[in-house]
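Dear colleague,

I am passing on the structure that follows, together with some notes on what came out of going through it. Please read the notes with the sequence and the model open beside you.

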Protein chains: 2
Amino acid sequence: MQIKEVSEKTGFSKDTLRWYEKIGLIKLDRKSRTENNYRNYSQQILKRLFLIRQMKSFGFSLDEVEDLLVLEEINEMNCPSVLGIVEPKLKMIEEKITDLQNLRSKLIEAKKKCSGNCIELFEEKVNS
Amino acid sequence: MQIKEVSEKTGFSKDTLRWYEKIGLIKLDRKSRTENNYRNYSQQILKRLFLIRQMKSFGFSLDEVEDLLVLEEINEMNCPSVLGIVEPKLKMIEEKITDLQNLRSKLIEAKKKCSGNCIELFEEKVNS
DNA sequence: ATACGCATTGGAGTAAACTCCAATGTTTTA
DNA sequence: TAAAACATTGGAGTTTACTCCAATGCGTAT
């Protein structure tokens, strides 16, 4: 699969895809090039790119994303380093979840307050 | 409360606090200055800064943070604009929560796999 | 009175993460 | 066969969000 298609599927620009390769976030070796030197993306890489997109949406930096993606190769890894990576990230993620849940309640609360006041006004706008 | 104390309480650098003021994320009017022209931060602003810190950790940009903070003044606002802001953010947040929960399960899974293999090895490292 | 620690401003510099450009090559379409 | 549409590289430029610096002023401690 060549770069344009990957760009469309992942939502990353072609430049961004090349950038991620440059910084080593994704790896395309000699075999990942066609005869004419065009990049040829595998399903694995596509999957990885979707993960990257997701992590980024959580507010992780690319460096942190790289850490988290090590989990992909977890079966080949030795235990101490895995725990060293997983534990802090897990803590981080659990904090984010509870914080987000609080924010969520706040937003729902805000919606309720508002709906009570002016649902008709809003309906009008929606139906026009 | 002057800038140094706020900096220590919020974890934002003094420069960052001035920066947030410059871009309008927090507002200190004439009254928020002491005689000698020093900034004088109120409890409201401190609270707002904690919210900003939290939003940022979710991966929201400062522009998005600003949108979300409008909710602070929600009682003074008219309904359509509130729903216009709240609804998309709520959707975003709920997506993030479920995605994070999935990631969380994955990490716990990874930990389990690992612990089974090499808990003793790890214990050794910890106790040394 | 002078030094030290705090504050102020404006403006330049930096890091991360792209984004764009120019020169060039390849493959497909008219 | 020429143009269009894709690809390549290296390098410069941009955006966001700070971060640092220099010049200066205020307030307290010695």
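The helices named below are DSSP runs of H or I with at least four residues, numbered from the N terminus, and a residue is taken as near a strand if its C-beta atom, placed from the backbone, lies within 6 Å of it. Please keep in mind that this is a predicted model.

Turning to DNA strand D, α1 and α2 of chain A and α2 and α4 (62-69) of chain B each supply at least two residues of the nearby surface, and α2(B) provides the largest share, 3 residues. Of the 17 residues around DNA strand D, A:K4, A:R39, B:N36, B:S61 and B:L62 come nearest, while the classes are 7 charged, 6 polar and 4 nonpolar.

Within chain A, helix α1 (residues 3-10) packs against helix α3 (residues 43-57) at an angle of about 35°, with the axes 10 Å apart, and the crossing is right-handed. A:V6, A:K9 and A:T10 of α1(A) make this contact with A:L46, A:L49, A:F50 and A:R53 of α3(A), giving 4 nonpolar, 1 polar and 2 charged residues.

With best wishes

Definitions and conventions. Residues numbered from 1 in each chain as written. Chains lettered and ligands numbered in written order. Predicted model: local features only at pLDDT ≥ 70, side-chain atom pairs only at ≥ 80, totals over all residues. Axes fitted to C-alpha atoms, helices over the stretch in contact; angles between N-to-C directions. Left-handed = near helix turned anticlockwise from the far one by under 90°. Contact = placed C-beta atoms within 7 Å. Nonpolar A, V, L, I, M, F, W, Y, C, P; charged D, E, K, R; others polar.
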